[in-house]
Amino acid sequence: MAVHAETITEKGVASLFGLNRLREELFEWRETFSALLSANAGRIETLDNQIAALGPIPEDGEEAAEITARRDVLMASRQRLATPDALVAEAHARATGLLGEVDAQIRAKSNRRLQERGRSPLNPIYWADAISELGSSIEHITADAAAEIVVDAESGALLHDIPGALFYFGVAAVLLLRGRIWAAQLQAHALDRTARGRAIVSFVLSLGQIILPLVGLYALIAGLQLLDIWASRADPLLSAIRIAGTVVIVARWLNTKLFPPGDGYGPLSYAHDVRGKIRRSGILLSVAIAALVLIEALLALRETSSISVAVIMFPMNVLAAWALYRLGNLLRQPPVVQPGYTGSGGTVRRLVGQLTMFTAVLTPLLAATGYDAASDALFTPVVWTLVLFGVALVLMRLVNDIYAPKTSDTEDDTGSLVPVLVGFFLFIASLPILAIAWGASRSDLREFWSRISEGFAVGETRISPTDFFTFLLVFVVGYLVTQFVKTTLRSSVMPRTRLDLGGQNAVVAGVGYVGIFVSAMIAITSAGIDLTSLAFVAGALSLGIGFGLQNIVQNFVSGIILLIERPIGEGDMIEVNGQVGFVKTISVRSTRIETFDRTDVIIPNADLVSGQVTNWTRGNLAGRLILSIGVAYGSDVEAVKEILLDVAEKHPMVLLDPPPQVFFMNFGASSLDFEIRVILRDVNWKIVTLSEMNFEIDARFKEAGIEVPFPQQDVWLRNADGEATEEAKE
């Protein structure tokens, strides 16, 4: 095989078709060699470990004979296993080199083919011959069909086949003419009766607009096959009819989904009149393409000259280009921005429209000047690209309707992340199809994937996309398992223990951190990544952590300390940096507290570990309340004391053990100062208790005639003679 391939590449006379066939064979051989490259790798690794276990050969040569003999046996076995691997590696390298040479010749021939200029179909001297050859092809098809009918009629086969053929033709006529209408009516009827899953039901039933006409198309083909009026020419003609009909049916459905009639704006949100024009242009383009397929199949039945084919096909090429130009011009129109529309603006539309119009103008010009291959190489990929983007938009609209329904009246409703992930997946899945549309072969895609699969080297470790997806899959599974375990602990296990809420949260958080770390380690091991070979990467990261990420690491370590020591826990009321509030969450970097005015304060964990923190509710909710009160001079202090003690003892939030206490604290400037010191059952009710006790004290003082004074000040005024007079003013 290799000698044959080298001979062909050296001569350089093979056709483009022959080179592609040779490339397919070489690729298959190289894939076989790739599979054999690591056939003995496991056994060789075992032998290397055995040899290493025997230790190095002593420098003085003094070694036990048994060890030397065993080492020689192992080395011989290793060499015997390594020899086939070396030969396979050489064959693999040879196949890779030949593939490169064949690819170079394929590219060169493809470029020359695109640059080849034939005769122009606009030259009138070719028109008569082209019309004659077209008429001759139609005449031969008609004559063959008539002759076959006569033969079948004489043998009685025609009379036997006509009923079945008429049945197929009847089914085809009904489904082709009415199938799409029936599917639309069924869709509307089902949506009127469906409350849930409307998006899925609508999309699935809309596929009936493709399925029913396609069944009619295949019924038509079955009827023609039953009559067998074209004999040996039936297969290419029927295949062309099948392709042409499918193009028109699918294009009509796609245009309806992208640019719906009626009140719906569709995924691209065009105005009603613009949508109608785009639908008509898209259907006209599909009809022109279908006609090109049928004419090409008809001309292929006889050996029609290339210039005659170009002349006959040119009018349909112009019609298709005109439809494409009109479509591109309409696509440039701006969208109608209705409520809830989140699509693109006019920039992308203008770009797509301008590129489409440019293609529509350039392709007939290339065909008119004789560059038929270049015209086909440009027109067909552009049309396929538009179709592919249209299908992707329809699927994205379906996913958005399912996962991102407009159930909220707020403007901040961003929906689900699933549409974004599906959109990314559709983009990745469309790349191979786009590559094929623009001229890539299946072997090219397999070659590209093979090179991608080989990955890239980091140290002595080779990382490939397969390893990455393996790592991602294992890590995601481990993460989901960790979340499940955390949920089970939080809801079922921890409530049955004697741990307080803070301890339960600490255990759950610790299990989460350990689970994520273990998941990452298992994922790395499953992907075959050797961490020892990434030591320099770890060193660089450590250096970066030391200089730039030290605050983050400090907060992370402080978060671990908080979870282990639990000086504060979720639900505690704390005071730190002048902020008082309840601890809501303790994460690895920071702690979130909610203040009494319902604002969230994010505090770095390092401040909680190294700074001063007051925990009002740690261990229990009991806490002390000090209430200061002043009474006027001359008041009965014993009566004041009794009232204050009675108020404190009767309040339900005040503990009687230890009992409330009243202290005469000071002779103030305007009042006699007292303090009530009590212990509350729940310090979280401190402000409410203070307010209620103040209301009660005020009422009791009024009943007892005890006055709560306000500050008084004596003002001395001097007259002009220097004599002082005293005037007291309140």
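In this predicted model, ring pairs link Phe-664, Phe-667 and Phe-674 into a cluster. The structure holds 6 aromatic pairs, and two further ones, Phe-203 with Trp-253 and Phe-259 with Tyr-270, are described below together with the elements that carry them. The chain has 730 residues, of which 34% count as buried, and its secondary structure consists of 22 helices and 12 strands. Among contacts between residues at least 6 apart in sequence, 67% join residues at least 24 apart.

**Aromatic pairs**

- A pair of aromatic rings is described by the distance of the centres and the angle of the planes.
- Phe-203 and Trp-253 form an edge-to-face pair, with 6.2 Å from centre to centre and 70° between the planes.
- Because Phe-203 belongs to helix 7 and Trp-253 to helix 9, this pair ties together parts that are 50 residues apart in sequence; both residues are buried.
- Phe-259 and Tyr-270 form a tilted pair, whose centres are 6.0 Å apart and whose planes make an angle of 45°.
- Phe-259 and Tyr-270 both lie in the loop between helix 9 and helix 10, so their pair ties together parts that are 11 residues apart in sequence.
- Phe-259 counts as buried at 5% relative accessibility, and Tyr-270 is likewise buried, with a relative accessible area of 1%.

**Nonpolar cores**

- The largest nonpolar core has 29 residues, and those with the most contacts inside it are Phe-259, Tyr-270, Ile-278 and Leu-285.
- Two or more residues of this core come from each of helix 7 (198-206), helix 9 (234-258), helix 10 (272-300), helix 11 (306-331) and helix 13 (372-403), with helix 11 giving the largest share, 8 residues.
- Apart from this core lies another one, of 21 residues, which includes Val-647, Val-654, Leu-680 and Ile-706.
- When residues up to four places away in sequence are not counted, Phe-259 touches Leu-268, Tyr-270, Arg-275, Ile-278, Arg-279 and Leu-331.

- Ser-269, which lies in the loop between helix 9 and helix 10, has a phi near 55°, a positive value in a residue other than glycine.
- Ser-269 is buried, with a relative accessible area of 0%.
- Asp-273 is placed in helix 10 and is partly exposed, with a relative accessible area of 46%.
- Asp-273 and Pro-261 are 12 residues apart in sequence, while their C-alpha atoms are 9.3 Å apart in space.

- An open sheet of 5 strands has the order 6-5-4-3-7 and antiparallel pairing.
- Strand 6 and strand 7 (613-615) stand at the edges with a single partner strand each, so one side of each is left without a neighbour in the sheet.
- On average, and with direction ignored, neighbouring strands of this sheet are turned by 40° against each other.
- Strand 5 (residues 590-595) runs antiparallel to strand 6 and is joined to it by 5 bridges; Arg-592 has Ile-602 of strand 6 as its bridge partner, and Thr-591 stands opposite Ile-603 in strand 6.
- Strand 5 and strand 6 form a hairpin with 4 residues between them, and in the turn Arg-598 has a positive phi of about 65°.
- Asn-577, in the loop between strand 3 (573-576) and strand 4 (579-586), has a phi near 55°, a positive value in a residue other than glycine.
- Asn-577 counts as exposed, at 58% relative accessibility.

**A cis peptide bond**

- The peptide bond from Asp-657 to Pro-658 is cis, with omega near 5°.
- Pro-658 has its place in the loop between helix 21 (637-650) and strand 9 (661-667).

Methods. Residues are numbered from 1 along each chain as its sequence is written. This is a predicted model: local features need pLDDT of at least 70, side-chain atom pairs count only at pLDDT 80 or more; totals for chains, interfaces and linings use all residues. Side-chain values use heavy atoms; hydrogens and water are left out. A nonpolar core is a set of buried Ala, Val, Leu, Ile, Met, Phe, Trp, Tyr and Cys residues joined through side-chain atoms within 4.5 Å. Buried means under 20% relative accessible area, exposed over 50%, partly exposed in between (1.4 Å probe, protein chains only). Contact means heavy atoms within 4.5 Å. Two strands pair if DSSP finds at least two bridges between them. Axes are lines fitted to C-alpha atoms, for helices over the stretch in contact, and angles run from 0 to 180 degrees between N-to-C directions. Rings of Phe, Tyr and Trp (its six-membered ring) pair if their centres lie within 6.5 Å; planes under 30 degrees apart count as stacked, over 60 as edge-to-face and the rest as tilted.
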